[in-house]
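Hi everyone, thanks for making time. Let me put the sequence and the model up on the screen, and then we can walk through them together.

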Amino acid sequence: MNISIFAKNHEMIPKIILRLTGWKMTGEFTSDIRKCVLVVAPHTSNMDFIIGRMVFNALRVKVRFLIKKEAFVFPLGFFLKKWGGVPVERNRRTNLVEQLVKRFEEADELVLAITPEGTRSRVTSWKKGFYYVAMKSNVPIVLGFLDYGKKVAGLGPVFYPSGDYEKDSRVIQDFYSDKTARYPDKFNIDAIRPR
């Protein structure tokens with residue numbers, strides 16, 4: 001099989017599926033973004049992963065993502081690793097931020113997708129690890145989104161964390177304030193701001 005045909009289909013098939021299901025895409029990575037933390041929100045459904053994966057393939061973004069270690073069982077685990085999954089132990093107290101900072105230090109290119117809600121259920125506050133990973137790694141944060149209300153998915157603003165989470169969280173909250181989750185009652189826009 002001709003590898004260039006496969007590469008083109010790898011991008012075209014998701015575009016066709018998204019178009020047929022009514023989804024539109026927006027945004028793109030510029031060539032100067034080789035490393036970043038990609039925030040993905042709202043996250044209220046398993047469908048978010050499927051649509052998000054197709055969007056990233058269609059936009060030709062090679063993304064790595066955090067997912068609970070328990071999901072890496074055969075045969076699903078094989079596919080999760082192929083698709084860029086990074087297993088995370090949620091039960092043990094591990095210094096995940098430092099582990100991810102080390103990954104950024106060792107990588108020439110790394111787009112790490114993180115869902116700060118940490119679960120598909122409604123939360124009262126976002127996990128701030130994404131912010132500290134970006135800050136300690138000196139990489140930008142890219143705001144990715146799935147808006148089920150408008151059926152638009154893609155990439156939004158890019159910014160470097162200032163070190164003032166409260167200030168930066170206002171920018172993040174403003175961006176996500178008009179995005180509709182698949183299950184709107186599970187997305188708490190106020191969870192983005194610090195308590």
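Let's begin with a question: which residue in E7 is the bridge partner of Met25? It is Ala153. Before I go on, a word on the ground rules: this is a predicted model, where local features need pLDDT of at least 70, side-chain atom pairs count only at pLDDT 80 or more, and totals for chains, interfaces and linings use all residues. Residues are numbered from 1 along each chain as its sequence is written, and side-chain values use heavy atoms, with hydrogens and water left out.

Now back to the strands. Helices (H or I, at least four residues) and strands (E, at least two) are DSSP runs, numbered from the N terminus. Two strands pair if DSSP finds at least two bridges between them. Strand E1, residues 24-26, runs parallel to strand E7, residues 152-159, and three bridges join them. On E7 there is also strand E6, residues 141-147, which runs antiparallel and is joined to E7 by six bridges. There, Asp147 stands opposite Val152. The hairpin of E6 and E7 has four residues between the strands, and Lys151 takes a positive phi near 55° in it.

A cavity here is a set of points, on a 1 Å grid over the protein atoms alone, where a 1.4 Å probe fits but cannot get out; its lining residues have an atom within 4 Å of a point. Grid points are joined across faces, edges and corners, and the volume is the space filled by probe spheres set on the points. How many cavities of 30 Å³ or more does that rule give? The count is one, and the largest cavity has a volume of about 60 Å³. Helix H2 (47-58), E6 and E7 each supply at least two residues of its lining. Among the lining residues are Val55, Phe56, Phe145 and Ala153, and Ala153 is the partner of Met25 that we started with.

On to charges. A salt bridge means a side-chain nitrogen of Lys or Arg within 4 Å of a carboxyl oxygen of Asp or Glu, and the structure holds seven of them. One joins the side chains of Glu109 and Arg34, at 3.6 Å from N to O. Glu109 lies in the loop between helix H4 (96-106) and strand E5 (110-114), and Arg34 in the loop between E1 and strand E2 (35-41), so this pair ties together parts that are 75 residues apart in sequence. For accessibility, buried means under 20% relative accessible area, exposed over 50%, and partly exposed in between, with a 1.4 Å probe and protein chains only. Glu109 is exposed at 57%, while Arg34 is partly exposed at 43%.

Lys136 forms a salt bridge with Glu98, with the closest N and O atoms 2.8 Å apart. That pair links helix H5 (residues 129-137), which holds Lys136, to Glu98 in helix H4, 38 residues apart.

And here Asp147 returns: Lys150 forms a salt bridge with Asp147, the closest N and O atoms being 3.6 Å apart. Salt bridges that share partners join Asp147, Lys150, Asp178 and Lys179 into one network. Is Asp147 buried or exposed? Asp147 is buried, with a relative accessible area of 3%.

One last stop: Pro116 lies in the loop between E5 and H5, and at 1% relative accessibility Pro116 counts as buried. That's my tour, so over to you for questions.

Note on methods: On a 1 Å grid over the protein atoms alone, a cavity is a set of points where a 1.4 Å probe fits but cannot get out, and a pocket is an open set with protein on both sides within 12 Å along at least five of seven lines; lining residues have an atom within 4 Å of a point.
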